[in-house]
Amino acid sequence: MIMVELPAHLRTLAGVSGEVLLDLPADGHAAVTLGEALDALEARYPVLRGTMRDYGTGRRRAFVRFFACKEDLSHEPPDFALPEPVLSGSEPLLVVGAIAGG
Amino acid sequence: MTAVRVLVGTRKGAFVLTSDGKREKWDVTGPHFAGWEIYHVKGSPANPDRLYASQSTSWFGQQIQRSDDGGQTWQSAGNEFSYDGIPGTHQWYDGTPHPWEFARVWHLEPSLHDPDTVYAGVEDAGLFRSTNGGQSWKELSGLRNHDTGSQWQPGAGGMCLHTILLDPVHEGRMFAAISSAGAFRSDDAGESWRPVTKGLRSEFMPDPEAEIGHCVHRIAMHPARPDVLFMQKHWDVMRTDNAGETWHEISGDLPTDFGFPISVHAHEPDTDYVVPITSDSLHFPPDGRLRVYRSRTGGNLWEPLTAGLPQENCYVNVLRDAMDVDSVDECGIYFGTTGGRVYVSADAGDSWSAAVRDLPSVLSVEVQTLS
């Protein structure tokens, strides 16, 4: 089970009040990539499509960042394997709105 | 019993203001979509309870919201705005090529006849249409793919398609305006377009009378006389009497002809309204006095309307989509300021009062007259 923490605006948009639990890794798989986690998140909440990654290119939006286990995963490729504490659900995958004023 | 509903988009959410036909007391609901920029909210002429809202932030991109009960509840609609084909480049501020990139929806224009059909004007400039209530969007790429597209440049606010006018008389005719490309007309329901800028003059361009590059801020039409259009340009207030074939200046005795919004009285096609702003570098009213100017002669002769508006120390702006009229017998005029006030005149501009104060900076004001 993977735990995802969304920023406030995306929680409101998705209609969730706390962390999102994703049923990953899928049966028969030991690893989960960053891209797979985001795919699963968007599949659960289609309203989040386009909010973290651009349509078409799939690139991370400029003001969105991904953190986990005190590491910045924002610049990792989609096939980056999430660390074990995230896979076990003991550490969250953080989706963060970059600090940019406003 | 007539009622009025005012749809207000702000930097930090949407607000809905309602009143009876007297337009003296206002109920305010909101913020809807708190914390998000709401560039525009507009209702369907065919079903006034069907509203569309453009919700965005630089962080999380674009959302489209839809209401079927006049703004009491909302549902997320489709938010995929993909340009048709490989979009290529337009010009950047310095004239160098810059890739076309979707940023946000500036303006939503519901069809005059079908509540499920709605047009979206976007930044970087493009025109999209949905025929399923906003669930999916398809670009009308004949506009962006016009031969001149690679010459279009952004205005200070970005390269936005901010005005969409649907002609209620001539089947298939519509107008679009882009900062800073100019005004365009289609006669085949948006499939193909041509610039309609003859007569416009912009001194900031190398060739001031070039076909492309004019920073049109807003165009207004009276539905009973759609061949006549009024335009507030970066500088100059302009008018056409032949659906954009030629324009002539009607700035006349305005204290300054820079500004953003322009509106037409609901029952008097030759009465129009502007809010003069000091200059392109000073986006606030001249002398700190907030004055709406009204022309009852279709331009050139303008009178200041000041009763109830601040006449000292006022340094707000009124943005291009932030002015509208109702169609009550005594036409009401409405505008919102970057200082967060929405002013209402229930007597065609003779006197004003604030329907609400201290909202976030107002981006858009649309008025629905309900019976």
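Colleague: Why does B:Asp236 count as buried?

Modeller: B:Asp236 has 23 C-beta neighbours inside 10 Å. Buried means 20 or more other C-beta atoms within 10 Å of a residue's own, exposed means 12 or fewer, and partly exposed lies in between, with C-beta atoms placed from the backbone. So B:Asp236 counts as buried. This is a predicted model: local features need pLDDT of at least 70, side-chain atom pairs count only at pLDDT 80 or more, and totals for chains, interfaces and linings use all residues. Residues are numbered from 1 along each chain as its sequence is written, and chains are lettered from A and ligands numbered from 1 in the order in which they are written.

Colleague: What makes A:Lys70 exposed?

Modeller: A:Lys70 has 6 other C-beta atoms within 10 Å, so A:Lys70 is exposed.

Colleague: What is the phi of each of these residues?

Modeller: Phi is near 65° for A:Lys70 and near 90° for B:Asp236. Both values are positive in a residue other than glycine. Most residues other than glycine have a negative phi.

Colleague: Which peptide bond makes a cis link to B:Pro31?

Modeller: The bond from B:Gly30 is cis, with omega near 0°. The bond from B:Glu123 to B:Asp124 is also cis, with omega near -10°.

Colleague: Which residues touch the most other members of the largest nonpolar core?

Modeller: Among them are B:Val6, B:Tyr334 and B:Val365. That core has 103 residues. A nonpolar core is a set of buried Ala, Val, Leu, Ile, Met, Phe, Trp, Tyr and Cys residues joined through C-beta atoms within 7 Å. A second, separate core of 23 residues includes A:Leu10 and B:Phe60.
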